[in-house]
Amino acid sequence: MSQHFLLSAKARSLSSTQVARMSEEEARAAFRAVRFADSGGRPVCPRCQCDAVHEFQCRPIFKCKACERQFSLTSGTVFDRRKMLFRDILTAIALFVNGASGVSALRLTREIDCSYKTAFVLLHKLREAMGSMRVDRMLTGVVEVDGVWVGGHFKQKNVKAERPDRRVKNPKRLSVVTMRERRPGGRTISVIVKQETEAFNALLQHIDPSASIRTDEGSAWTALHMFFDEHKQINHSVRYAEPGGIHTNWAESFNARLRRAERGVHHRIWGRYLLAYAQELGWREDFRRVDNGRQFTLVVGAAANSPTSRLSGYWQRHLRAA
């Protein structure tokens, strides 16, 4: 039996200690090479895209000769107005991609010695960058669809008579409905709904009508055969797979990763940010056969080329609102 890719040396092309041992200048140069990869590392103005740029000698900033605007390496990226060292940012990204089911903000505070607020915002900025890497095309071929309930934990009461019935629908509980292409290099798309039936329009929006759909026996998916060339269901109360490739194991793999992330890593996932977590874990599923050095480069590149994050000034806005 051949060795699994994740156990092989090919999967380990980068360690977080390599990044942590960088000097600040080395980390800055590495980020600059990724940020301005299209121009060979030569700075380009983020406002007017002019490459006629003057580099200051006394400070690590640049000035565009066309619009006369000053900018830094992180201007116009998710790290805009950052205060962290480049070495700490790159170390955080290395730790982030190495976490199979994600990395909690609390753990990151201990790894790079920062506040919880800093770690929380940084991780969500990386999730935004991961979401921006999604290719805008419809899913084709064999597509598996499945949902999983997330959140809404009932805390057990001490007295049995006071314990809530866990079968009662919890209003805080949300369903993550996932569409996943069953092929190497296939994509994973998730939507957040209160009931699986609410995801029907999203399936029509993201899946090509020529696709072959695989779902479980849930009543929410019964009408899919009217919109797609082929739709086959598997009754999980009888068996998990039938001959002819009738199963939802790929979608169940994503669901299992999401459950591990909620219960074993984050413990609580707020509904407002559930889609960001789902996109992160979908990215991890899609790139699970890519070595971690390449994953690191992809995330740094996405973060360096993504627009300013909506989380910029997150805590300041909350303090003003209070």
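In this predicted model, strands S4 (residues 142-150) and S5 (residues 174-181) form an antiparallel pair over 8 bridges. Strands count as paired if DSSP finds at least two bridges between them. Helices (H or I, at least four residues) and strands (E, at least two) are DSSP runs, numbered from the N terminus. Residue numbers start from 1 along each chain as its sequence is written. As the model is predicted, local features need pLDDT of at least 70 and side-chain atom pairs pLDDT 80 or more, while totals for chains, interfaces and linings use all residues; side-chain values use heavy atoms, without hydrogens and water.

The S4-S5 pair belongs to an open sheet. Its 5 strands follow the order S6-S5-S4-S7-S8, with mixed pairing. Strand S6 (188-193) and strand S8 (230-234) are the edges, and each pairs on one side only. From one strand to the next, the twist averages 20°.

S4 and S7 run parallel and are joined by 3 bridges. Here glutamate 144 stands opposite arginine 214 of S7. S7 also pairs with S8, in the parallel sense, over 5 bridges. Arginine 214 has lysine 232 as its bridge partner in S8. Strand S7 (residues 212-216) is largely enclosed by the rest of the structure, because 5 of its 5 residues are buried. Buried means under 20% relative accessible area, exposed over 50%, and partly exposed in between (1.4 Å probe, protein chains only). Both faces of S7 are covered. Ser212, Arg214 and Asp216 are buried on one side, and Ile213 and Thr215 on the other.

Axes are lines fitted to C-alpha atoms, for helices over the stretch in contact, and angles run from 0 to 180 degrees between N-to-C directions.

Arginine 183 sits in the loop between S5 and S6. The residue is partly exposed, with a relative accessible area of 32%. Its C-alpha atom is separated by 8.2 Å from that of glycine 141, 42 residues apart along the chain. Apart from neighbours within four places in sequence, arginine 183 is in contact (heavy atoms within 4.5 Å) with Arg137 and Trp250.

A helix pair was also examined. Helix H4 (residues 105-112) packs against helix H5 (residues 116-132) at an angle of about 115°, with axes 8 Å apart. The two are therefore roughly perpendicular, a class that spans 65 to 115 degrees. H4 contributes Ala105, Leu106, Leu108 and Thr109 to the contact, and H5 contributes Tyr116, Ala119, Phe120, Leu122 and Leu123. These residues divide into 8 nonpolar, 1 polar and no charged. Ala, Val, Leu, Ile, Met, Phe, Trp, Tyr, Cys and Pro count as nonpolar, Asp, Glu, Lys and Arg as charged, and the others, Gly among them, as polar.

Backbone geometry was considered last. Most residues other than glycine have a negative phi. Glutamate 68 has a positive phi, near 60°. This glutamate lies in the loop between strand S2 (62-64) and strand S3 (70-71). Glutamate 68 is exposed, at 58% relative accessible area. Arginine 81 likewise has a positive phi near 60°. Arginine 81 occupies the loop between S3 and helix H3 (86-98) and is exposed, at 62%.

Definitions and conventions:
Parallel < 35°, antiparallel > 145°, perpendicular 65-115°, else oblique.
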